[in-house]
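Student: Can we go through this model together, one question at a time? I'd like the cut-offs spelled out as we go.

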Amino acid sequence: MDFELEIKARPEPNDDEVVRRSQSDPRAFRPIYEKYFKPLYRFTYRRLGDRELARDVTQQVFLKALQALSKFQFRGAPFSAWLYRIALNECNEFYRKTNRTRTISIDERMIQQLHDELTYDTTTDDLSALLPSLLHTLKEDELHLIQLRFFEGMSFKEIGDIFELTENNAKVKTYRTLEKLKKKFVKPN
């Protein structure tokens with residue numbers, strides 16, 4: 001007798017379903033935690049530059065999200081945007097409380113992407129040397145736009161969701177910030 005066993009993988013529930021269940025049963029939040037812990041950890045690590053601190057802040061993000069979950073309202077943006085907003089706020093809060101110098105962790109690929117956008121005829125090495133001082137001149141919200149777009153690789157839609165902006169407004173603000181950087185990056189004749 002031959003038996004054929006068909007195993008069907010259960011589809012992962014979408015975030016909205018998990019969040020709705022979690023609002024009445026916090027134990028149901030686990031899939032969200034498992035799905036977003038690593039991306040949020042990388043996100044906070046790039047802003048804090050310290051592995052243990054990033055782990056602590058990421059844990060705090062999930063704790064705050066779980067504590068406020070009953071108040072969460074679906075407004076068309078993905079749940080992950082809310083988590084990233086909490087993460088940004090936690091990183092900002094850390095810097096406000098400690099008065100430490102803000103950290104931005106970037107790699108060569110990220111520098112090259114930003115270099116391509118700035119479109120100045122120079123080498124990546126030139127930008128590598130100038131980038132920290134250029135980024136220091138930006139306001140906090142401008143820096144976040146650049147980080148999310150070029151260092152996190154997020155779309156304008158995702159950035160808009162995080163900052164509660166339209167996709168177009170996120171794009172406009174990002175390109176205005178790039179123009180500001182371009183003016184500072186261009187060498188005088």
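Tutor: Let's start with a rule: a salt bridge is a side-chain nitrogen of Lys or Arg within 4 Å of a carboxyl oxygen of Asp or Glu. This is a predicted model, so local features need pLDDT of at least 70 and side-chain atom pairs count only at pLDDT 80 or more, while totals for chains, interfaces and linings use all residues. Residues are numbered from 1 along each chain as its sequence is written, and side-chain values use heavy atoms, with hydrogens and water left out.

Student: How many salt bridges does that rule give?

Tutor: Side chains of opposite charge can pair when their charged atoms come close. Under the rule, the count is 12 salt bridges.

Student: By about how much of a helix are E179 and K182 separated?

Tutor: Helices are DSSP runs of H or I with at least four residues, strands are runs of E with at least two, and both are numbered from the N terminus. E179 and K182 both sit in helix α9, three residues apart. Their separation is therefore about one helical turn.

Student: Is R27 buried or exposed?

Tutor: Buried means under 20% relative accessible area, exposed means over 50%, and partly exposed is in between (1.4 Å probe, protein chains only). R27 forms a salt bridge with D25, the closest N and O atoms being 3.1 Å apart, and D25 is partly exposed at 27%. R27 has a relative accessible area of 70%, so R27 is exposed.

Student: Which residues make up the salt-bridge network with E152?

Tutor: Here the salt bridges link up into a network. Along with E152, the members are R46 and R47.

Student: On to the largest pocket: what is its volume?

Tutor: Rolling a probe the size of a water molecule over the atoms shows where empty space is left. On a 1 Å grid over the protein atoms alone, a cavity is a set of points where a 1.4 Å probe fits but cannot get out, and a pocket is an open set with protein on both sides within 12 Å along at least five of seven lines; lining residues have an atom within 4 Å of a point. Grid points are joined across faces, edges and corners, and a volume is the space filled by probe spheres set on the points. For the largest pocket that comes to about 180 Å³.

Student: Which helix gives the largest share of that lining?

Tutor: The lining includes K71, F72, W82, R85 and E164. Its residues divide into five nonpolar, one polar and five charged (Ala, Val, Leu, Ile, Met, Phe, Trp, Tyr, Cys and Pro count as nonpolar, Asp, Glu, Lys and Arg as charged, and the others, Gly among them, as polar). The largest share, three residues, comes from helix α4 (residues 79–98).

Student: How many aromatic pairs are there?

Tutor: Rings of Phe, Tyr and Trp (its six-membered ring) pair if their centres lie within 6.5 Å; planes under 30 degrees apart count as stacked, over 60 as edge-to-face and the rest as tilted. Ring pairs join a cluster that includes F29, Y33, F72, F74, F79 and W82. The count is 14 aromatic pairs.

Student: What kind of pair do F72 and F74 make?

Tutor: F72 is buried at 11%, whereas F74 is partly exposed at 28%. Their ring centres are 5.0 Å apart and the planes stand at 85 degrees, so the pair is edge-to-face.

Student: Which residues does T58 touch, leaving out those up to four places away in sequence?

Tutor: T58 is found in helix α3 (residues 51–68) and is buried, with a relative accessible area of 0%. T58 and L40 are 18 residues apart in sequence but 6.4 Å apart in space, C-alpha to C-alpha. With contact meaning heavy atoms within 4.5 Å, T58 touches F37, L40, Y41 and T44.

Student: And which residues is H144 in contact with, beyond its neighbours within four places?

Tutor: H144 lies in helix α7 (residues 140–151) and counts as buried at 5%. Its contacts are L88, N92 and F163.
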